[in-house]
Amino acid sequence: MSIRLIIADDHQVVRKGLTFFLQTQNEMEIIGEASSGKEVLELLKKNEVDVVLLDVQMPTMDGVETTKAIRSQFENVKILMLTSFSDYDSVIPAIKAGANGYQLKDIDPIQLAESIRKVYQGETAIDAKAAAHLFAHVNGTNETMEDQKLDDLTNRELDVLKEIREGKSNKEIAADLFITEKTVKTHVSNLLSKLELHDRTQAALYAVKHLKK
């Protein structure tokens, strides 16, 4: 097995350091180095390449733009982003553009080689810090979405949801809120629809998780 690589970074010292180490890996072959996205595309047109090791921040054509171009022209080429930035705003554009992996430049060389092998084999290799930022954002977004759903409920629907959380029947809810069972049924139907739930059991679990006591 031979993994043919392009190393792209606008800093020559970084490129040379990566090349020096990766050449020690028996199955890895450095096809070329590039200092810009344009140079990456030119190398890809002239050579068979398996993996591009790609910096995110480069002049003229950055890593995300280069990734999109690679995806549109060389769909079988794998892309491993190598950068100094682990924040959400840096990771997500790269992943959406089609990167197969995302690692930080301070990665241990042995781990970098393993990440290259993973993306070459069709697996994903994402730095732990970057993954943590992704999960934190996703969780925060989900909570925000649930807050918005609850804001769509009327005060009476919230009252009914709280009663459902306590495991009460429609008859008991009607008695507690001084409304008819038919009105309770209407409120239950409306809140299930607004919260995108299927039944009272889901509503009770939802209320336990998202409603404040």
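Visitor: What does the accessible surface of the protein chain come to, and how much of it belongs to carbon and sulfur atoms?
Guide: About 11900 Å², with 50% belonging to carbon and sulfur atoms. Keep in mind that this is a predicted model.

Visitor: How many residues are in the chain, and what share counts as buried?
Guide: The protein chain has 213 residues, and 46% of them count as buried.

Visitor: How many helices and strands?
Guide: The chain holds 10 helices and 6 strands.

Visitor: What share of contacts with a separation of 6 or more comes from residues 24 or more positions apart?
Guide: Such pairs account for 61% of those contacts in the protein chain.

Visitor: Let's talk helix packing. At what angle do α1 and α5 pack?
Guide: About 80°, with the axes 11 Å apart. That makes α1 roughly perpendicular to α5. Helix α1 covers residues 12-22, and α5 covers 109-120.

Visitor: Which residues meet there?
Guide: From α1, L18, F21 and L22. From α5, P109, I110, L112, A113 and I116.

Visitor: Where does T60 lie, and is T60 buried or exposed?
Guide: T60 sits in the loop between β3 (51-54) and α3 (63-73). T60 is exposed, at 84% relative accessible area.

Visitor: And what about phi of E196?
Guide: Phi of E196 is positive too, near 60°. E196 is in the loop between α9 (181-195) and α10 (200-210). E196 counts as exposed, at 59% relative accessibility.

Definitions and conventions. Residues numbered from 1 in each chain as written. Predicted model: local features only at pLDDT ≥ 70, side-chain atom pairs only at ≥ 80, totals over all residues. Heavy atoms only, no water. Axes fitted to C-alpha atoms, helices over the stretch in contact; angles between N-to-C directions. Helix = DSSP H or I, 4+ residues; strand = E, 2+ residues; numbered from the N terminus. Parallel < 35°, antiparallel > 145°, perpendicular 65-115°, else oblique. Contact = heavy atoms within 4.5 Å. Buried < 20%, exposed > 50% of the residue type's maximum accessible area, 1.4 Å probe, protein only. Areas by Shrake-Rupley, 256 points an atom, 1.4 Å probe, with all protein chains shown as cover.
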